Amino acid sequence: MNRLLTVAIIAACVLFSLAPVFAPYDQNEQHREEANRPPTRVEFRTAAGAPGWPFVTANGRQFPVRLFPRMRHVLGVPEPAHLFLFGTDEYGRDIFSRFLYGGRRSLLAGLLAALVAIVIGFTAGAAAGFKGGWLDSATMRCSELFLSLPLVYLLLAIRALMPLQVGEVGAIALVVAAAAVAGWPRPARLVRGVFLSAKERPYIAVARSLGATDAYLISRHILPQVRRLLWTQAATLLPQFMLVDVTLTFLGLGEGEPNATWGGMLTSLRHFSVLESHPGYWFEASLIGVVLFLFQFAADRHARNVVRTTIG
Amino acid sequence: MLARGLYRVFQSAGLLLLISSLWFLALSLAPGDYFDEARLNPSTSAETIAKLRDTYGLSQPLPIRYGRWLRSLAHGDLGESIAYNQPVSKLLAPRIRNTLLLTGTALTLSWTLALALGVWAAAGRNRLADQALRGISGVLLATPELVVATLLVYWAATTGRLPAGGMMGEHGGGFRELAIHLALPAIVLTAMAFPVLFRHVRLAVSESLHEPFIRAAVALGISPARLWWQYILPAAANPLLSLFGLSLATLLSSSLVVEVIFGWPGLGPLFLESLFARDTYLLLAAVVLSSLFLLAGNLCADFLLLWNDPRIRKAG
């Protein structure tokens, strides 16, 4: 089960981070004549019924699916045939390609957010645990406050500071800012706990008596103890902030059209025209749900395993 | 105990002031205001817009605006909505009622379920059910509710089994209409809140089950009913009462998104709308009110904690 999850997560990461390679088309490429098409039928059997190389039928002719048809592209079919694995939207854009590009941007936003939250959380937690005193109590009160505030309201408050229209960079910066405000408290509290207990240990006193500096103590003796904890926290933060990115774009507060976003794809599910002209759209939406579920589920499982192995 | 209670009330009031001030600052520093869009309209002259901004006090410096807003807030006046041209309190009243109806239903449902199932799972009579419940809560915890809710709306719209949004039927309200409109959003919210609550209930009860004083009570031959109601559950209640406040925060936060998805006419959609329109006073009022709910919930949890635990009472 764990191995299966790991493989799925790695596959998803590769697929999304190399979206331009795996997507047959660019996310914004429009095929005006081909709007609202159902998925292209890819056939694996010849007319005689024998299994063969997959092909696509267009204008009564058969076009084989090509591997590496162009530089840096994995899949494609020659014109005038099209390869719309999930069909097209109302502008004739390939939904499969948009799904991959949307995944790439949510993944990027989630990774940056997790990184920022971990860096701030580690710094704050280490300072609080190592120095103690007023710094410690101030950090802890602060983290309690941010833990108890509702995340979506916090998100909207940060959003209110920005202009109404934000571009790709602005939208990702928004997710990162949300992580900087709401993501750091939990890692900070855990890191603080480790530092608090570590700094009282005899080996720290011995190292200090031998002339070790604070920086040396932290990097050599305490950091190895929190490394695993930081990884686990990062794994939990990643899906959380991917979901934040999807929520923001869903509410229309993130990046708008034309670039593909998962939130935007989910929003279009609520339009009557989509219900009418694209009945299969629920599939793409569910796939987004499945990917988000996998990331979160794997992170939860990982966290529980870590707890089980460290506590015994 | 009274002193401690008063201290908590004052602390909450201070926090409320802090939150609203931060929001006021954020909104004032943000680029643009409500009349930005009017400026694009060639038939509205610059003088008209300037006059309008004067009327709504938007042209005054920040400290003065903030002072005036605080003073009217102290008098119970939440200001006027620029977009709706109505007093904010009039706009918010029905929205608050609807949000409370939805979150209240979800809160009751999720806590009832979590308490019943958590105690049952912790009692450990049925290993299989315990495993199954833990599995289900693990799956629910990882499920992105935004996607599930959207798919539910799609399902409702295509099959027509349940209304896809809103709160009233064609012929207005009535209990039945309200119930079927409430069903989907309330189920989604309950499913979001349940797994966390279930895990905590199960953990707290199973921890208190293994306390030495429980074994002593069993050895003394105390009846099972008394054992549960007077020994095990009160001992497990402390962390759960603190959790109550936190669960309110998450519920309020997720209710905003769920309301938008299901078109439930609560605070959520209004909040979003006023954010888009830069309808400052409406937005601020919504922030203050939702913070008020949150603080009131936390305050309730604190008082329940004081009531439940004599140790905290004495220490305070």
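**Exercise 1.** Identify the helices of chain A that each supply at least two residues of the lining of the second largest pocket.

*Solution.* Helix 1 (2–17), helix 3 (95–131), helix 9 (214–250) and helix 12 (281–311) of chain A each do so (helices are DSSP runs of H or I, at least four residues, and strands are runs of E, at least two, numbered from the N terminus). The model is predicted, with pLDDT of at least 70 needed for local features and 80 or more for side-chain atom pairs, while totals for chains, interfaces and linings use all residues. Residues count from 1 along each chain as written, chains are lettered from A and ligands numbered from 1 in written order, and side-chain values use heavy atoms without hydrogens or water.

**Exercise 2.** Describe the second largest pocket by its volume and its lining.

*Solution.* 
1. The second largest pocket holds about 560 Å³ of space (an open set of points on a 1 Å grid where a 1.4 Å probe fits, with protein on both sides within 12 Å along at least five of seven lines; lining residues have an atom within 4 Å of a point).
2. Its lining has 23 residues, and those closest to the centre are Trp231(A), Ala234(A), Ala235(A), Leu238(A) and His302(A).
3. Helix 9 of chain A gives the most to this lining, seven residues.
4. By class, the lining has 17 nonpolar, four polar and two charged residues.
5. Domain 1 (2–76) and domain 2 (102–311) of chain A each contribute at least three residues to the lining.

**Exercise 3.** Classify the packing of helix 5 and helix 6 of chain A.

*Solution.* 
1. The axes of helix 5 (residues 151–160) and helix 6 (residues 168–182) of chain A come within 10 Å and cross at roughly 125 degrees.
2. The crossing of helix 5 past helix 6 in chain A is right-handed.

**Exercise 4.** Summarise the elements of chain B, then treat two of its helix pairs.

*Solution.* 
1. Chain B has twelve helices and two strands, in the order α-α-α-β-β-α-α-α-α-α-α-α-α-α from the N terminus.
2. Along the principal axes, the C-alpha atoms of chain B fill a box of roughly 85 × 55 × 35 Å.
3. Helix 1 (residues 2–29) and helix 3 (residues 62–74) of chain B pack at about 140 degrees, with axes 11 Å apart.
4. Helix 1 of chain B is therefore oblique to helix 3 of chain B, and passes helix 3 in a right-handed crossing.
5. The axes of helix 5 (residues 127–142) and helix 7 (residues 175–209) of chain B come within 8 Å and cross at roughly 135 degrees.
6. Helix 5 of chain B is therefore oblique to helix 7 of chain B, and this crossing is left-handed.

Terms used:
Points joined across faces, edges and corners; volume = space filled by probe spheres on them. Nonpolar A, V, L, I, M, F, W, Y, C, P; charged D, E, K, R; others polar. Domains from an automatic or database assignment. Axes fitted to C-alpha atoms, helices over the stretch in contact; angles between N-to-C directions. Left-handed = near helix turned anticlockwise from the far one by under 90°. Parallel < 35°, antiparallel > 145°, perpendicular 65-115°, else oblique.
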